[in-house]
Structure formats: C-alpha cells, structure tokens
Amino acid sequence: MSGEPTIDWEPQYRGAHSNPQVVECYERFVSTSDPGWLAALKELAHAEGAQVGDLHALASAHLVAGRPAEAVPLLEFLAFLEPEDPAVRYDLAGAYARIGSADRAGRELERILADRPEWPAAVRQLAEVRAWLRWHGDTVDLLRQQAEVFSLLTADGAGGATEHLALGKVLYQLAAVPRSGVDWPDVVGVLERAHQLDDGDEQVLEILAAASHHAGAEPQWRAALLALERVAPGSGHLDHWRAAPPAVAPNPDRLLAIASSETADAHHALRDLRAQYRTAPNNPDVQRCLVQVEVGIGNVAEALWLAEGLAATEALDCYGHGALMVVYGILGDGRARRHLAEALELAPDQATTAELLDQYDQLSAG
C-alpha cells in the first residue's frame, strides 16, 4: 500500500503514562535515526515498572525504523490492555498493513471509525486497505487457478521438474495467505519431488530451503542447503538461510496450555502462538489453538474471524470441530450444533465424547 502509517501519540502517552527518559529516547531516535537511541528506548521500555506509554513508544519507534514485525506483538499486547484506545488501534492497523495482514488492518480501522467516523487519517487508510484487498483478492484467485493447472500437470506421477517447480512457486505464495488452504509442508513435498526429478536445479533448492525454513522442517532444510552448496556454492541464499536456521516445528498445543494458564508466561505463549499463525496461517493445529486462546481471553471478534478460516479447512479433526463449537456456541450461532455433531463422530474415545457434550451443555445454559 502506498501510505506509511502516521505515528501520532495521544496525550495520555506522555506525562504520567510514560517515563520522561522514554519520551526523550523516542524523539531523539525519530529525529536522528541513531540505533543507539532505539536500543536505549528498548531497555527502558522492558525495564521493571515500565508503563503502557513506554511500550507504545517502543512499538512506534519500531514502525519508524521499518520493523513492523517487531511492533506488532507490542501493539497487540497494548490493544489487549487498552482495547478502546484509538491511538494503539491505529498504530496496530498500520503495522498489520505493513506485514501484509491487510484484512486485520481493515478490521482495526473499522473498529476505530465505528467510534470516530470522522477521523481523516483512519478514513484514508481504510480506503487504501480496501483497495489493496480487492487487488490482492484478484491476485490470489489467479494463483489458485495456476495451482489447479499445475496440479493437473503433475497428478499421478506426471510432469517433470519444470512443472513441479512451477507448482511449488505458486504454492509458496499461497502458503502465506490466510484461508488459501496451503500449508508449508505441502510446498516442501512438491519441491522435494522436483529435486528428485532434477537434483541439479539451483532454483528448486533455493525455494526448497526457504519453504523448509518456514515449515520448521530442519532435516529437509539441512539437506536442501547441502545440495545447494554442491550445485551452486556461490548462491547468495546459502549465507542467508545458514544465518536463519528454522525453528523447531510448532507445538501449538503446548503454547495453548501455557497461554490458557494464569502463569507469568501466559502472554509470551500467546505472542508466540500469534507469531506461529502469521508464519503458517493455514496450519489447522495452529488455527485451532489460537481460536481457543482468543476466545478464552474474551477476544471474541478475533476468535470468530479465525474460526471462519478454520471452518473452511478440509478434513478437520475432532478437536478442530470442538474449537469451532465453542466459538459459535458463545455467539449463540446455530453452527455450534453442527460442529458438535461432527466432533462427536470423530471423537477418539468416550471421555472426549462426554467432554464435548458437557461443553455444549454449558454453552447452551449460558
């Protein structure tokens, strides 16, 4: 999108709501772009006793520095603490837009404008977001059509390395798009087949290394880098991916348990689970766990948006249907009963069946 978000603190983020040293570091960083001031600001904002204004200052500084991915977790936390604060919501919308989550940006802006319909900056940015979403929707539709064509060309063992590489490229783009139905392991599988058909193709190995990194598939990532080093030792991708080894494949259920607890680590687990979703928006386990956490902390609008994406997933398991039952049940939506029926059919044992029925009865009584 064309515009950069406006960094415009509301007065409450000064004075009693911010450390004066934080304000000074922020203003000096904005005026000089000296990373030393950003480092000092980060240390102050994370110090014991830091206030909400200090974190907002750090998030805003990250936006100014062109690091929206670092600003997003801070702003999401602030939005949880101060859900009606338009300044936080506006910065969060800008951060979402800049990491490619335009749908989320649009929802934040719509929430702001519901209370402040005449805010010019929000009106302008919402128009840009909607225009971008229309263009993006057309692009995703084209990618889906291309994926269908290349899938036919490679079906039942047909097609060579060229066709599999073409399919892998398209799937790579779709894997980052929420609700596309393409997850990173799907991309890795297609590119591994392309590598089998032509083990000397440099481009296949470069994209395979990237896809394996996003999937958290360390064995495939290492194998791709070793093969790339053999085929193209001068590839710039080697140094890049060696410096960024993949994380262990996500364990969203572990993060769900921590995020749902009352421990000091709960927020960090929520932040990590949200980060997993941004990396792998079509992983049904990540979707399911994030839906459950968001609805558990009362973020029902976000849970519903995530649930709509999860509901479009093919072949959901018992626990996926159970998560959807809870979200729709809280909203009084009739789809809760349908997802209960689906979950009961797939329940692995009697204890799970009893738990599902008990949850549904509690939702109905509430």
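Predicted model: local features only at pLDDT ≥ 70, side-chain atom pairs only at ≥ 80, totals over all residues.
Let's start with helix pairs. Two packed helices are described by the angle between their axes and the distance between the axes. Keep those two numbers in mind.

Take helix 7, residues 120-153, and helix 8, residues 161-175. How do they cross? Their axes come within 9 Å, at an angle of roughly 150°. Angles over 145 degrees count as roughly antiparallel, so helix 7 and helix 8 are roughly antiparallel to each other. The crossing is left-handed.

Who makes the contact? On helix 7, look for Val 140, Leu 143, Arg 144, Gln 146, Ala 147, Phe 150, Ser 151 and Leu 153. On helix 8, look for Glu 163, Ala 166, Leu 167, Val 170, Leu 171, Gln 173 and Leu 174. By type, this contact has 10 nonpolar, 3 polar and 2 charged residues.

Now the second pair. Helix 6 covers residues 102-115, and its axis comes within 13 Å of the axis of helix 16. The angle is roughly 145°. This crossing is right-handed. Helix 6 brings Asp 103, Arg 104 and Arg 107. Helix 16 brings Ala 301, Glu 302, Trp 305 and Leu 306.

Next, helix 15, residues 284-296. Here is a quick check on its length. It has 13 residues, and at 1.5 Å a residue they should span 18 Å. The end C-alpha atoms are 18 Å apart, so the model agrees.

Which residues of helix 15 are buried? They are Val 286, Gln 287, Arg 288, Cys 289, Leu 290, Val 291, Val 293, Glu 294 and Val 295. What do they pack against? Four helices are there: helix 13 (252-259), helix 14 (266-279), helix 16 (300-311) and helix 17 (318-330).

Finally, two single residues. Find Trp 184 in helix 9, residues 184-197. Buried or exposed? Its relative accessible area is 3%, so Trp 184 is buried. Leave out residues up to four places away in sequence, and Trp 184 touches Tyr 172, Ala 175, Ala 176, Ala 211, His 214, Ala 215, Thr 279 and Ala 280. Asn 19 is another matter. From Trp 184 to Asn 19 is 165 residues in sequence and 43 Å in space, C-alpha to C-alpha.

Last stop: Thr 352, in helix 19, residues 350-365. The relative accessible area is 11%, so Thr 352 is buried. Setting aside neighbours within four places in sequence, Thr 352 is in contact with Cys 318, Tyr 319 and Ala 347.

Terms used
Residues numbered from 1 in each chain as written. Heavy atoms only, no water. Axes fitted to C-alpha atoms, helices over the stretch in contact; angles between N-to-C directions. Helix = DSSP H or I, 4+ residues; strand = E, 2+ residues; numbered from the N terminus. Parallel < 35°, antiparallel > 145°, perpendicular 65-115°, else oblique. Left-handed = near helix turned anticlockwise from the far one by under 90°. Contact = heavy atoms within 4.5 Å. Nonpolar A, V, L, I, M, F, W, Y, C, P; charged D, E, K, R; others polar. Expected span 1.5 Å × (residues − 1). Buried < 20%, exposed > 50% of the residue type's maximum accessible area, 1.4 Å probe, protein only.
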